[in-house]
Every structure is written in C-alpha cells, then in structure tokens.
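Look over the sequence and the 3D view, then read on by topic.

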Amino acid sequence: MSWGTELWDQFDNLEKHTQWGIDILEKYIKFVKERTEIELSYAKQLRNLSKKYQPKKNSKEEEEYKYTSCKAFISTLNEMNDYAGQHEVISENMASQIIVDLARYVQELKQERKLNFHDGRKAQQHIESCWKQLESSKRRFERDCKEADRAQQYFEKMDADINVTKADVEKARQQAQIRHQMAEDSKADYSSILQKFNHEQHEYYHTHIPNIFQKIQEMEERRIVRIGDSMKTYAEVDRQVIPIIGKCLDGIVKAAESIDQKNDSQLVIEAYKSGFEPPGDIEFEDYSQPMKRTVSDNSLSNSRGEGKPDLKFGGKSKGKLWPFIKKNKGATPEDFSNLPPEQRRKKLQQKVDELNKEIQKEMDQRDAITKMKDVYLKNPQMGDPASLDHKLAEVSQNIEKLRLETQKFEAWLAEVEGRLPARSEQMRRQSGLYDSQNPPAVNNCAQDRESSPDGSYTEEQSQESEVKVLATDFDDEFDDEEPLPAIGTCKALYTFEGQNEGTISVVEGETLYVIEEDKGDGWTRIRRNEDEEGYVPTSYVEVYLDKNAKGAKTYI
C-alpha cells in the first residue's frame, strides 16, 4: 500500500488532505490550550473558595474552630487548596508536554510538506516541458511532411508540362528534394524527442512521483502517530496527579473520621459551664401563721427575674438586690481581682503567655541587631556599628520592662494557684477541665450564670433594666429592712473584692456572721456588723452553722 502507486494521479487531493491534517493538529493544540485555561481557572476558583472560608485571624470566628468538626473543616479547606495545586500541575504539564511540543512539530511539518510538494510540482513542470517539446517536434515533423508532399506534387506537375522549360523543372526537382530532406530531419528529431519523453514520463510516474508521494505518506503517518502520542500524554498528565488527588481526598476522609462528637460536647461544657449547682427545693412559707419570716430567695427565681416579690414603684415589699448585677466601677483591675479564682487564674496565665511571647520577640530582635553590629564591626564599609547602640539599648530596656511585668503577673498567678484547693475526683469527672494541662480549679467557683466576655458578672438585660428603674426603691427598702438574725459564723478562706452590687469584701482569715445560707446559687449572705452585710462566694468561706438557729440546715 503506497500512495506513489495507488494515488499517482491524485497530487491535488493529497495536497488538500495533508493541509487538512495540519489543520486537525492545530485544532487539537487549541483544544488542549483551552483545557489548560480551564484547569487554571478551576484551580484559582478552588483557592479563592478555600481562602474565603478560612477563619479570620484574631477574630471570634477563629476561637470557634477549637471543635473537632471545625478543625476537620479547616483540614478540608487545606486539602482543597492542595487539590487546586494539582489542577495547576495538570495545566503546566499539558502546556509544556503537549502544546509547546506540538506547536514546534507543526512548524516542522509545514516546512516538510512545503518541500515535498515543491519537489512534486518541479517534477510536474519538467514532464510538462518535455511534453510541450514533444508536441512542438511532432507538429514540425507534420508540417515538413506536408511541405515535402506539396513540393513533390509541384515537381511532378512541372515535369509533365511540355511548355515548362528544363530549368524550371530542375528547380522544382531540387526544391522537392530539399523539402523531403527537411521532413526526414524532422522525423529523426521527433523520434529522438519522443524516446526521451517516454523515458522521462516513465521516470516521472514510476520513480519521481512514487518517491515524493512516499515521503508525503510517511510525513502524514508521522503526524497521525504524533497526535496519538499527544492524546496518550494528555491522559497520562491527568493520571500522574491521581495519586496526589487521592491523598487529598484521603486527607478529607481522615479529617472527617477525626471528628469526635463527645469531645465537642465536652468543649461546649468547658465554654459555657457556669459552675453553679442546680437550685435546691423551695422551702414552704406558711402565711397562715403570723410570724416573722425572712425572705426566702433562690437562684432560679432571682437569676431570671422570675418569682420575685411584686416590685412596684413606691412599694415596700421585702427583697434584696441580686448580687450578679454588673456594676460599672471603672476599668478592670490589672490583677483581675474582680474575677473568681479559676477565671482569674486563666486570665493571669493568658497574660503571662502573651508577655513571654513579646519577650521572645524582643530577644530575637536583639539577637538580629547584635549580629548586624558584628557584621558592621568586621566590615566597616557596610555601616557604622555605633548607629545600632541606641536601638540595642532600647530593645534591652523593653526586655527588662517586659520581664518585670511578667514577674508581677507570675507572682499574682502563683498566689492564686497556691490558694486553689484540690478538686475531688467526682468534680474532675464532672468538669473535665484542666486535668492534665492546668492546676486544679476551685469547686463551685464564683461564676455568673451568664458571663460577659471580660468575665465580669452580668445579668440578663431585662432584669438589669428593671433593676435600674427600681434601684431607688430597693435601696431604701433594703436600708429599712430589719436585720436578719445570724444563723452561724464563717471564716474567709480567701480575700474577695466585692465590687458588684449586693456583695461584700472580705479578707482572708476574717470571721463573720452568716445570716443566710447558700440556696444553691453558690452565694452566702454574711454580716460584718450592723451596717455591713452582703454576699460572698460560698467557696470563699468555711461556714459553721448554729444547729439551734432558726432556719439552719444540717450538711452531711
């Protein structure tokens, strides 16, 4: 099967076919190029998508990603970023291994095709020139033969005419001989040219054209093989990234399997646990007997502003100000002494960690300046070493200030940690907080039911607004209320700064009177003297109840 023998007379069709083959190759190149653009666009969109859903640094959203499900989501976003990178690899490899290679090959193919068809046209022009030469010789031979016949006929006519002189007859005879000789010469020339043409034609159709068409056939077959190899490369480029894409998908699956719903539930407890115990039973108040009663409050009714005595403007109902109402007394103390021990410890520890990071940052800066100074000392042309002394001294002063600040907070932290009693195993199981990483926390520490971001005690807005309206009446009524009898004594285990409305400050070791025991809300009402009374966290005092006192409860 050879184009030279089978398609010897299809020169024009082969020229069109080979041009079509080049067009197909260029079309495939364009297809791959558009595929690379799609891969780049897809990768860019994936990266933007991953970036869009990444938590913003130093924001509340970042703090929420402590849950395992959110961590798995972050891992998914990171894996999708790597997944996008593989599509960029696909685009780069297709561009370098297919587009660039085929573009160069197309130029070579066009040049080779041009040379082959140039040789074909040259051969065509040669055979056409031989054919024209043959036709010219043939016509000349035909013309000379006719001229010789006419000269012969004229001679014979002159020779038969008796009226013609002998000289005219001789002249006609010589002319006939000349014409006959010319015809013989034309015949010989025609015969020679014909033999030459036949030889050239044989070479053209059996040697030159087959060779040229064979080259064109080989060129076309190489083009077909090349486009097939490019298609294999196209698939192989995709196949090469499949293992890595598989690892990305495996990473997403692994992240999903790492989700621990129990751990997330425990984190919710750690984030929102108030530290209070559920309220106890409400004591029966017998209104049928005329007797002096103390107001019995409980954490449930007062913490939500429900079940309170009727509060009317100008009324004189018996009640107390709830101690959890936030009272604005200026900025938060530097040592966070307004917080319960465990919250205070967390804040102090956080502050110490921040200061240590700042110290490390300043030390790194000092080391860098010192190295730069050494370079200047060794190479004075690079800079003046003395110009860095001021900066070095400034950094050293900053380090010293930060160290003093750290020592101050560490002292407060040590003070708090030294006072925190060890929790029982039961409380460890209940809370699960800081069992392995942090010192034990205070049992029933003084925390509010709803804490504000800074840890201060707050109450719901509805109750706060209500109390603001009735504050004057409550203050007057609280002052006019008859003092409650003492039901025992207590000893302060820790110093407590009573900065909120209804609380009282106590000093460690101080002995005070108990006038109302803990109702389950974590607070005990005490009195120092007739004019000073209020609430303190139950965990801050050791209570000694008088069993004979009215309203006293016995603890087992």
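E334 has 41% relative accessibility, so it counts as partly exposed; that class lies between buried, under 20% relative accessible area, and exposed, over 50% (1.4 Å probe, protein chains only). The model is predicted: local features need pLDDT of at least 70, side-chain atom pairs count only at pLDDT 80 or more, and totals for chains, interfaces and linings use all residues. Residues are numbered from 1 along each chain as its sequence is written, and side-chain values use heavy atoms, with hydrogens and water left out.

**A link across the sequence**

- E334 forms a salt bridge with K408, and their closest N and O atoms are 2.7 Å apart.
- A salt bridge here is a side-chain nitrogen of Lys or Arg within 4 Å of a carboxyl oxygen of Asp or Glu.
- E334 sits in the loop between α7 (299-303) and α8 (341-378), while K408 belongs to helix α9 (residues 389-419), so the pair ties together parts 74 residues apart in sequence.
- Helices (H or I, at least four residues) and strands (E, at least two) are DSSP runs, numbered from the N terminus.
- K408 is also partly exposed, at 29% relative accessibility.

**Other salt bridges**

- How many salt bridges does a search of the whole structure find? The search finds 22.
- R528 pairs with E532 in a salt bridge, with the closest N and O atoms 3.0 Å apart.
- Salt bridges that share partners join E516, R525, R527 and E533 into one network.
- R528 is partly exposed, with a relative accessible area of 26%, and E532 is partly exposed at 36% relative accessibility.
- The side chains of E533 and R525 meet in a salt bridge of 2.8 Å, N to O.
- Is R525 buried or exposed? R525 counts as buried, at 4% relative accessibility, whereas E533 is partly exposed, with a relative accessible area of 21%.

**The sheet**

- Five strands form an open sheet, in the order β6-β5-β4-β3-β7, with antiparallel pairing.
- The edge strands, β6 (533-537) and β7 (541-545), each pair on one side only.
- Neighbouring strands of this sheet are turned by 40° against each other on average, direction ignored.
- Axes for such angles are lines fitted to C-alpha atoms, for helices over the stretch in contact, and angles run from 0 to 180 degrees between N-to-C directions.
- Two strands pair if DSSP finds at least two bridges between them.
- Strand β3 (residues 488-492) runs antiparallel to strand β4 (residues 511-516), and four bridges join them.
- In β4, Y513 stands opposite T489.
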